[in-house]
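User: I'm new to reading protein models and I'd like a close look at just one part. Could you pick a single residue and walk me through its surroundings, then step out to the rest of the chain?

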Amino acid sequence: MSLLILSGFEANGMAGLLADDRLANGLNIPAAAIATGQTAQTASALMHASATDPNVMQQQLSSLNQPPSVIKIGAVFDVATAQVIANWLSTLPHRPTVVLDPVGLSSGDHRPLSTMTLGERLAPLLPWVSLLTPNTDEAKALAGTTESVQILRVLQAQYDFRGTLLLKGGHSVSEQDDVVTDELLVPDDPRRWQLQQPKRLSKLRGTGCRLSTAIACALTDGYALTDACVLGSAVLHRYWRLAPKPTAPGWPDTLSDYPVVSTDTHPTSPDRTFPALDWPSGLYPVVDSAQWVQRLANTGIRTLQLRIKHARSDVLSDQIRQAIEIANAHQLQLFINDHWQQAIELGAYGVHLGQEDLDTADLAAIANAGLRLGISTHGDTELLRALALKPSYLAVGAVFPTQTKDMSGQIQGIGRLRRYVRLSKGTPVVAIGGINVQNLADVLDTNVDMVAVVSAVTASTAPERDAHLLNERVMRCRH
Ligand SMILES: Cc1ncc(COP(=O)(O)OP(=O)(O)O)c(N)n1
Ligand SMILES: Cc1nc(C(=O)O)sc1CCOP(=O)(O)O
Ligand SMILES: [Mg+2]
């Protein structure tokens, strides 16, 4: 994947192309770069702003060694520039992911960058944009409103915008607020995602430039769009926390740099926590019947999950009841996947929920019944949302490709798993997806607490022996 940065030149590197390129370098993402225009700015004045000659721009775009897969667009000084970029985009063999940070005013003295309205300047580009990152002033200039759902509707209707909206809240915080909330609206996802960071006290330049560039870098590194927004927010927080010292290369691995992530369907509740696990380590087989719970009950494992996907409700209740009885008799931590009402009614040890289940489950009822809660996560956004709900454990998957469930597009790999383990310090992490005897050592090297497996046990020719041996290896490594 390759990145192209298109933004205005500002000689001090406080904002614009220099700032963008330095940030991308710091994240180890090499980028091609073209100046959309020239500015002369100080902290308090915009002395000059002019667009690059469209013919020069056209030739520079044609001169690129390879078509980019991700493009960050910053200041667009006139409609001719936008038209040249849009025309060039239509000639590319593959549609790139375009992040557009609409720059309305100079970050120094807040003078408009152009006499044209923002809408006029950006209109040719907006149909190409995958992520638009306006602040509330820029959103008002484009859509006539600062309400996120309305903004998205206006952009879709007036500009044929089909992308995701990240509405930055930094310009609309009041004196009393101690947090800044960015809202993320993804087309076809009815939820409103909220990303909250502590409010910074000092006024800073180049914030929008750096955020959108960090997001574009995360996209270039293969992250999904919402995860890239979360990572961008963390990069920016770390950048300002350490400035003027340079930051360590790579993605932040300190939780306090990351935004608190929530959705309007499940706002976080500061008072609600779920009980801790009694044995927060070891192998964690995921099985589909009470018979399997019985087979594995004497292998030394401490944790099991009953994951029944299709069954009549009477058969399901029967299976859950039997599995709980066996688990209680052998002091096993038995989690029930999906069926949280039956888990509460029948007194299970815990419930395991996926992200979609979270939108409909009654978390207060689960917590009030004293059940443990495990939550599946696939990437930064889900991990942070889950962490904010203070579960008993977090599952990170799929670590490797797996035949058991379609996890395409959600393979995390060892590097991300390692960062997620660091971020989740204090909450046990379960690794799941494609884990077997051959790759277990790499998984354990990330310091995960538990290892969940389906096929490594249930498709084995000697399930009890393998459950025992794998559990011994996980336990040895954790002590
Ligand atoms: C330990 C563990 N991790 C992840 C999952 C997956 O849960 P979910 O996303 O709800 O998907 P289904 O299992 O319901 O298909 C899990 N079950 N256990
Ligand atoms: C059920 C499930 N959930 C996953 C996730 O990533 O959320 S991966 C997965 C399947 C795990 O099976 P196996 O151990 O056979 O690869
Ligand atoms: Mg589920």
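Analyst: Let's start with Thr 402, which is partly exposed: 19 other C-beta atoms lie within 10 Å. A residue needs 20 or more of those to count as buried, and 12 or fewer to count as exposed, so a count of 19 puts Thr 402 in between. Keep in mind that this is a predicted model.

Where does Thr 402 sit? You'll find it in the loop between strand 16 (393-396) and helix 15 (413-423). If you skip the neighbours within four places in sequence, Thr 402 is in contact with Met 407, Gly 433 and Gly 434.

Now bring in the ligands. Ligand 2 is surrounded by 16 residues, and Thr 402 is among the closest, along with Gly 397, Thr 404, Val 454 and Ser 455. By class, the shell around ligand 2 has seven nonpolar, eight polar and one charged residue. Ligand 1 also has 16 residues around it, and the closest are Gly 354, Ser 376, Ala 395, Ile 432 and Ala 452. Strand 15 (372-377) and strand 17 (429-432) are the elements that give two or more residues to that shell. The shell around ligand 1 divides into five nonpolar, seven polar and four charged residues.

Let's zoom out. The chain is divided into domain 1 (3-263) and domain 2 (282-478), with 39 Å between their centres, taken over C-alpha atoms. Where they meet, 14 residues of domain 1 are in contact with ten residues of domain 2. On the domain 1 side, helix 8 (225-242) and strand 10 (260-263) are the elements giving two or more residues. By class, that side has nine nonpolar, three polar and two charged residues. Between helix 8 and strand 10 there's a loop that holds Pro 244, and the peptide bond from Ala 243 to Pro 244 is cis, with omega near 5°.

What about the inside? The largest nonpolar core has 139 residues, and those with the most contacts inside it are Val 293, Leu 334, Val 430, Ala 431 and Val 451. Both domain 1 and domain 2 give residues to this core, so it lies between them. Take Val 293: setting aside neighbours within four places in sequence, its contacts include Leu 304, Ala 323 and Leu 334.

One last stop is helix 1 (residues 16-26), where Gly 16, Leu 17, Ala 19, Asp 20, Leu 23 and Ala 24 are buried. Those residues cover an arc of only 165° around the axis, so they sit on the same side of helix 1. In general, an α-helix has 3.6 residues a turn, so residues three or four places apart point the same way. The buried residues of helix 1 pack against strand 1 (3-9), strand 2 (31-41), strand 4 (70-73) and helix 7 (207-220). Just after helix 1, Asn 28 takes a positive phi of about 65°.

How values were computed. Residues are numbered from 1 along each chain as its sequence is written. Chains are lettered from A and ligands numbered from 1 in the order in which they are written. This is a predicted model: local features need pLDDT of at least 70, side-chain atom pairs count only at pLDDT 80 or more; totals for chains, interfaces and linings use all residues. A residue is near a molecule or strand if its C-beta atom, placed from the backbone, lies within 6 Å of it. Helices (H or I, at least four residues) and strands (E, at least two) are DSSP runs, numbered from the N terminus. Ala, Val, Leu, Ile, Met, Phe, Trp, Tyr, Cys and Pro count as nonpolar, Asp, Glu, Lys and Arg as charged, and the others, Gly among them, as polar. The arc is that of the directions from the helix axis to the C-beta atoms. Two residues are in contact if their C-beta atoms, placed from the backbone, lie within 7 Å. A nonpolar core is a set of buried Ala, Val, Leu, Ile, Met, Phe, Trp, Tyr and Cys residues joined through C-beta atoms within 7 Å. Domain bounds come from an automatic or database domain assignment.
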